[in-house]
There are 4 protein chains.
Amino acid sequence: MSEGGKTSLQLGFIGLGRMGLNMVRRMQKAGIDCVVFDLDADARAKAAESGATAADSIEALIGQLSAPRAVWLMLPAAVVDKVADQVTPLLAEGDMLIDGGNSHFVDDLRRSEALAKRGVMYVDVGVSGGVWGSERGYCQMIGAPDAAYAHLEPAFAALAPGVDAAPRTDGREGAPSPSEQGYLHCGPSGAGHFVKMVHNGIEYGLMAAYAEGMNILRHANIGDSQRAVDAETAPLEHPERYRFDLPLGEIAEVWRRGSVIGSWLLDLTAAEMRRDATLENYEGRVSDSGEGRWTALAAIEQGVPAPVLTAALFGRFASRGNDLFANKVMSAMRHAFGGHKEVDTDADKG
Amino acid sequence: MSEGGKTSLQLGFIGLGRMGLNMVRRMQKAGIDCVVFDLDADARAKAAESGATAADSIEALIGQLSAPRAVWLMLPAAVVDKVADQVTPLLAEGDMLIDGGNSHFVDDLRRSEALAKRGVMYVDVGVSGGVWGSERGYCQMIGAPDAAYAHLEPAFAALAPGVDAAPRTDGREGAPSPSEQGYLHCGPSGAGHFVKMVHNGIEYGLMAAYAEGMNILRHANIGDSQRAVDAETAPLEHPERYRFDLPLGEIAEVWRRGSVIGSWLLDLTAAEMRRDATLENYEGRVSDSGEGRWTALAAIEQGVPAPVLTAALFGRFASRGNDLFANKVMSAMRHAFGGHKEVDTDADKG
Amino acid sequence: MSEGGKTSLQLGFIGLGRMGLNMVRRMQKAGIDCVVFDLDADARAKAAESGATAADSIEALIGQLSAPRAVWLMLPAAVVDKVADQVTPLLAEGDMLIDGGNSHFVDDLRRSEALAKRGVMYVDVGVSGGVWGSERGYCQMIGAPDAAYAHLEPAFAALAPGVDAAPRTDGREGAPSPSEQGYLHCGPSGAGHFVKMVHNGIEYGLMAAYAEGMNILRHANIGDSQRAVDAETAPLEHPERYRFDLPLGEIAEVWRRGSVIGSWLLDLTAAEMRRDATLENYEGRVSDSGEGRWTALAAIEQGVPAPVLTAALFGRFASRGNDLFANKVMSAMRHAFGGHKEVDTDADKG
Amino acid sequence: MSEGGKTSLQLGFIGLGRMGLNMVRRMQKAGIDCVVFDLDADARAKAAESGATAADSIEALIGQLSAPRAVWLMLPAAVVDKVADQVTPLLAEGDMLIDGGNSHFVDDLRRSEALAKRGVMYVDVGVSGGVWGSERGYCQMIGAPDAAYAHLEPAFAALAPGVDAAPRTDGREGAPSPSEQGYLHCGPSGAGHFVKMVHNGIEYGLMAAYAEGMNILRHANIGDSQRAVDAETAPLEHPERYRFDLPLGEIAEVWRRGSVIGSWLLDLTAAEMRRDATLENYEGRVSDSGEGRWTALAAIEQGVPAPVLTAALFGRFASRGNDLFANKVMSAMRHAFGGHKEVDTDADKG
């Protein structure tokens with residue numbers, strides 16, 4: 001949390017889910033006056049315990065805000081438009097609507113344009129940090145008109161991890177910039193979610209890089225497997241090379257200190273593997289929640305290659321079985337030209 | 001089959017499996033005198049019906065050949081070395097040993113060097129055509145010393161499809177070149193299997209291209225699916241775009257005439273899909289038999305990018321479940337940073 | 001061209017460019033009465049020489065058609081909407097508007113819906129065949145309401161290559177289906193361009209597969225290169241494996257007969273390489289014209305993996321230098337963690 | 001550096017380059033008695049300043065060691081075998097030879113087997129840390145017989161960063177394990193370099209993920225570019241979406257705190273971009289130094305998919321122009337089927 005005294009910023013906050021409630025708590029601690037609403041009365045009560053003012057309805061919430069009013073939505077992407085449509089008529093020139101969820105930046109552009117006609121400023125905040133944000137603080141990528149950014153900066157600063165969360169970059173001196181505290185005004189409306197989208201696209205690539213590496217390590221003992229020889233599967237050419245039983249959890253741990261590939265995602269992997277290095281409680285069906293797709297779409301629209309990020313995305317699709325028909329087509333072709341039958345000798349039972 | 005009269009070429013031929021027997025028949029028809037051996041007496045008898053001379057043993061086979069002796073091996077890659085070791089001591093300076101199987105070109109280089117010390121010429125022939133070769137003829141990519149190639153050319157010509165198998169390329173006139181008949185002296189020993197290896201690498205890429213396209217066509221009705229909404233899976237953003245039930249078998253057929261993507265692999269796909277466009281008899285476990293791997297290895301050793309060919313290879317590995325642990329690692333990470341659970345809503349049951 | 005007698009079909013045809021003029025000629029030969037317009041008077045005159053009726057304006061063209069009127073647009077994708085907006089007000093219930101260009105199927109869905117309100121049927125025809133279509137005939141993938149398809153079928157049949165363009169698929173007997181003649185009613189409006197889009201996506205994959213394979217063949221002599229040793233570049237581990245000077249043009253030719261990878265694209269490659277196997281007149285900047293991007297977007301929206309098709313697309317982007325900044329970022333990282341400098345020893349000067 | 005008192009370990013150390021000299025210094029500080037040799041007398045002198053004993057030759061170095069003798073080689077991979085051949089005859093049963101460089105694990109297996117015949121133990125240590133190691137300590141992945149590992153552990157502990165270099169993983173308590181201090185006995189000889197190889201493979205994937213993301217961010221203003229319209233290049237479909245001028249250096253900085261993608265590589269990127277966010281001093285020719293290739297080869301030999309790691313590797317090959325001929329092949333095909341010409345409108349001049 002950034003340092004500094006109390007602020008007089010007031011904020012309406014709609015959506016007290018996993019992330020929203022923690023964000024309100026963090027802002028209240030920093031002296032920001034939050035008026036909150038959620039359909040769930042329990043969540044409202046919890047927020048009230050942190051000092052927030054709970055409102056019974058969106059209308060009531062808006063009614064308790066002083067101009068210029070700032071309303072922060074922290075909602076699933078699918079309902080943002082619906083709630084925004086409720087809020088918008090209650091706002092007036094100079095007010096601000098903030099979307100802190102995971103909207104597509106294209107939707108931001110649309111909303112921003114529509115709201116601008118009413119004099120309302122639209123602000124998109126890409127928030128990273130997941131369930132750890134209440135402890136670590138939230139990294140925020142912000143798209144906003146300058147005036148809105150200036151008004152809301154105390155909230156961003158309150159939510160951010162603060163400069164002490166990492167050593168300063170060589171050459172950065174004096175008062176820490178917002179970027180060093182963990183929030184950044186990236187540009188006009190849409191820019192925040194654009195940067196957050198790419199952030200998540202990168203995340204997919206990083207995760208897949210570790211995952212593929214771990215998979216290779218796990219198969220380092222494949223030379224010890226008894227494998228039936230058949231004409232349909234390439235034999236292991238050098239079984240003598242692959243007789244290592246590697247301690248995956250310890251490897252994840254050792255990479256955390258002094259290596260080139262240390263990262264927060266590696267920290268999490270090491271923690272998961274400490275509990276169970278076989279990960280047998282997972283089935284390996286990897287979901288994707290939008291931003292990875294949008295990143296690939298943006299790259300394609302731009303004409304910019306993104307083979308690694310897209311391979312990571314497609315790996316997730318395939319993990320859910322969506323490559324099945326393609327594979328059947330290839331099996332059918334092999335059968336047609338060579339009489340090849342499908343075999344089961346190379347299956348990974350792990 | 002190339003035109004021309006009978007030839008006086010004599011050939012020892014070891015290995016009368018699916019391809020070997022048909023090749024002997026084709027050569028006998030062209031007047032090539034084949035002395036054959038196979039462990040299977042039935043296969044020997046069948047070859048004898050085509051006019052070949054069946055020998056009871058490798059020694060007997062060699063004994064019936066006149067110098068310079070030429071022995072063609074048509075064997076699984078895994079046993080070539082073993083049989084070559086039996087044949088080699090029986091050969092003398094000026095003789096030829098031909099490997100018509102799917103050896104790695106690196107093994108050719110090794111064998112060629114060893115045989116050269118004894119004055120024996122090593123010839124590697126990459127043969128494409130699969131089970132269709134007896135009807136279509138065999139495309140042959142040949143690595144050989146010049147003298148061996150010259151001696152054996154009648155056999156290559158007999159096995160080849162002949163120039164009439166395809167329209168002549170614009171600008172090619174006069175007597176058809178060997179390449180136009182379907183065989184080619186690619187270079188010294190090893191060159192034949194090198195070219196065949198890349199041929200198969202390309203084949204993997206072509207097959208995957210059709211397969212991925214067919215998979216996209218098959219999912220063109222995904223907007224009609226009832227899919228449970230959950231926070232873990234990106235929703236289908238435009239269900240209204242994906243309401244087509246496309247006739248896959250008819251599409252494969254229509255592409256066969258006049259389109260840019262017509263090919264023999266497409267012909268086979270159309271034939272398979274005519275029988276059953278759902279391909280429900282296939283499980284989608286796609287084997288790979290070596291050459292695709294070797295092509296990728298060669299590209300990597302050369303420092304030459306092969307993203308398409310390698311993606312096709314990796315798709316086969318994943319079709320057999322070998323991406324499982326990598327996917328578990330990603331699920332574990334997602335759980336760790338976001339509390340995400342694995343869900344089952346986007347599974348392809350098809 | 002499909003057999004059969006003269007037809008009484010009448011067609012308005014707008015756009016007499018490279019493909020349009022040839023299509024009109026082919027239809028006129030089949031007895032279809034074309035009323036044509038193009039901004040270019042020369043093109044109109046040429047069409048008139050084939051028996052078509054040239055109109056001086058779009059209005060004049062429409063005026064000469066009998067109900068139900070059918071107007072075929074053969075225009076660059078970028079101007080289809082503009083011309084369609086001119087044509088539409090002149091059409092009435094039961095009339096048909098056909099887009100034979102390369103529209104995105106999403107635009108078809110929009111247009112179809114808009115026209116349906118006026119009772120006008122929208123037909124999208126994906127046409128493959130390139131500059132060769134006038135000779136080979138055109139493969140057509142059609143999205144249309146049933147009534148429009150039935151009305152227009154004589155035109156499709158006239159444009160198609162006809163069943164003799166390829167051997168019949170095993171098991172197909174009796175009167176050839178439309179798909180066997182080279183045209184197919186794929187589904188309602190949009191389905192035609194959807195299938196054509198995927199067709200082109202596959203085309204990208206096929207082309208890249210051949211191209212990567214040829215590149216590996218071309219580097220088969222890399223072991224002969226003198227390469228400066230430096231700490232920044234992985235040395236060639238096995239130079240002795242890569243000493244082949246392969247005849248690329250002859251290889252393309254030999255694969256045309258009897259091999260598994262024979263195709264029309266290979267035929268073209270063999271023809272190009274016969275003229276100059278070094279391809280030195282090309283710079284290797286590979287354009288993309290939309291469908292490959294749309295195919296990737298569709299796969300991503302569907303959640304279907306398309307690693308090969310997308311790798312092919314990204315290879316084109318990179319061929320135009322659009323990977324430059326990403327590469328600079330990697331060089332900067334290498335410099336930062338290892339003091340690595342960029343070197344020039346592994347450059348492909350070819 | 002791990003805590004604890006002085007140790008009596010003595011070590012011969014050959015190779016005082018960028019990393020070796022710093023490693024000797026770090027070990028001397030921890031009380032390890034190093035006898036050193038390097039061809040460069042200056043380097044020897046510098047090591048002597050740190051308290052090491054400089055030897056004039058390899059023979060002299062060995063002569064000053066007490067049994068069991070341990071000789072650590074810190075040399076370029078290309079000369080390890082040569083120096084090992086000099087050292088080996090001077091070693092006796094119970095002695096140890098350590099390779100701390102970047103050998104391929106396959107070479108380790110070979111050397112280990114050869115040395116075992118003489119009773120000498122071979123130890124491979126994959127060392128990560130780059131030029132930063134003298135400050136941060138070195139992450140070490142060790143393959144060794146148990147006895148050798150036990151003897152050498154004080155050296156590994158001295159070189160390692162120590163547990164304080166990162167917060168302890170949740171659930172790890174009591175005395176820190178070696179993995180928590182930054183070194184790990186991964187398994188028998190070869191295991192250390194195997195794990196280091198995969199470590200570097202992952203590194204390639206991570207770097208490419210950030211690089212691709214940064215490239216997409218950099219092109220976020222592509223909608224503002226004036227681009228000539230031509231028939232050869234897909235137009236930018238939504239220029240209105242891409243009008244952001246994003247502050248790349250600030251974005252790299254903001255991601256360092258609180259985000260999911262924080263990492264040491266990101267720290268380095270932020271530092272590089274602080275100096276010059278355009279990276280104009282780099283040309284974008286990205287070298288690769290072996291391990292990335294070996295990782296891909298291992299995955300392929302295992303039959304394990306590694307699409308992300310391999311795409312990252314191929315991106316480096318392409319950055320050096322090695323995709324050129326493949327691109328010419330595609331341009332030639334496009335010319336052949338469509339009369340397409342290469343154009344220059346989409347070039348990235350940045």
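Student: Let's start with C:Phe156: is C:Phe156 buried or exposed?

Tutor: Keep in mind as we go that this is a predicted model. C:Phe156 is buried, with a relative accessible area of 0%. That value falls under the 20% limit, so the residue counts as buried rather than partly exposed.

The ring centres of C:Trp72 and C:Phe156 are 6.1 Å apart and the planes sit at 55 degrees, so we call the pair tilted. This pair links distant parts of the chain: C:Trp72 belongs to strand β4 (residues 70–73) of chain C, C:Phe156 belongs to helix α7 (residues 146–159) of chain C, and 84 residues separate them.

Over in chain A, ring pairs tie A:Phe13, A:Trp72, A:Tyr149, A:Phe156 and A:Tyr183 together in a cluster. A search of the whole structure turns up 44 aromatic pairs over all chains. One of them is A:Phe314 with A:Phe317, a tilted pair, since the centres are 5.9 Å apart and the planes at 55 degrees. Those two both sit in helix α13 (residues 307–319) of chain A, three residues apart, which is about one turn of the helix. A:Phe314 is buried at 3% relative accessibility, and A:Phe317 is buried at 0%.

B:Arg316 lies over the face of B:Tyr204, 3.6 Å from the ring centre, and C:Arg136 lies over the face of C:Trp264, 3.7 Å from the ring centre.

That brings us to charges meeting charges. Side chains of opposite charge can pair when their charged atoms come close. The search over all chains gives 68 salt bridges. Staying in chain C, C:Arg110 forms a salt bridge with C:Asp81, where the closest N and O atoms are 2.9 Å apart. Here again the pair links distant parts of the chain, with C:Arg110 in helix α5 (residues 105–116) of chain C and C:Asp81 in helix α4 (residues 77–87) of chain C, 29 residues apart. Both ends are partly exposed: C:Arg110 has a relative accessible area of 40% and C:Asp81 has 27%. In chain A, salt bridges that share partners join A:Asp81, A:Asp99, A:Asp107, A:Asp108, A:Arg110 and A:Arg111 into one network.

Chain A has other salt bridges to look at. A:Glu272 and A:Arg275 meet in one, at 3.3 Å from N to O. They are three residues apart in helix α11 (residues 264–275) of chain A, so about one helical turn separates them. A:Glu272 counts as buried, at 5% relative accessibility. A:Arg257 and A:Glu253 pair as well, at 3.0 Å from N to O, and both of these residues are buried.

C:Glu253 lies in helix α10 (residues 248–254) of chain C and is buried, with a relative accessible area of 0%. Its side chain makes a polar contact of 3.2 Å with the side chain of B:Arg172. Setting aside its neighbours within four places in sequence, C:Glu253 is in contact with B:Thr169, B:Arg172, B:Ser179, B:Glu180 and C:Ala270.

The D and A interface deserves a look of its own. There, 94 residues of chain D are in contact with 94 residues of chain A. The two chains bury about 7,900 Å² between them, 66% of it on carbon and sulfur atoms. On the chain D side, D:Ile216, D:Arg257 and D:Val260 lose the most area to chain A, together 10% of what that side buries. Six salt bridges are found across this interface, along with 44 residue pairs in polar contact. Helix α9 (residues 191–218) of chain D gives the most to the side of chain D that touches chain A, with 17 residues.

Finally, some context on chain A as a whole. Chain A has 14 helices and eight strands, and 64% of its 350 residues count as buried.

Methods. Residues are numbered from 1 along each chain as its sequence is written. Chains are lettered from A and ligands numbered from 1 in the order in which they are written. This is a predicted model: local features need pLDDT of at least 70, side-chain atom pairs count only at pLDDT 80 or more; totals for chains, interfaces and linings use all residues. Side-chain values use heavy atoms; hydrogens and water are left out. Rings of Phe, Tyr and Trp (its six-membered ring) pair if their centres lie within 6.5 Å; planes under 30 degrees apart count as stacked, over 60 as edge-to-face and the rest as tilted. Helices (H or I, at least four residues) and strands (E, at least two) are DSSP runs, numbered from the N terminus. Buried means under 20% relative accessible area, exposed over 50%, partly exposed in between (1.4 Å probe, protein chains only). A charge sits over a ring if NZ of Lys or CZ of Arg is within 6 Å of the ring centre and within 35 degrees of the ring normal. Contact means heavy atoms within 4.5 Å. Buried area is the accessible area (1.4 Å probe) that two parts lose on being put together, summed over both. A salt bridge is a side-chain nitrogen of Lys or Arg within 4 Å of a carboxyl oxygen of Asp or Glu. A polar contact is a pair of N or O atoms within 3.5 Å; within protein, one must be able to donate a hydrogen and the other to accept it, and residues adjacent in sequence count only if both atoms are side-chain atoms.
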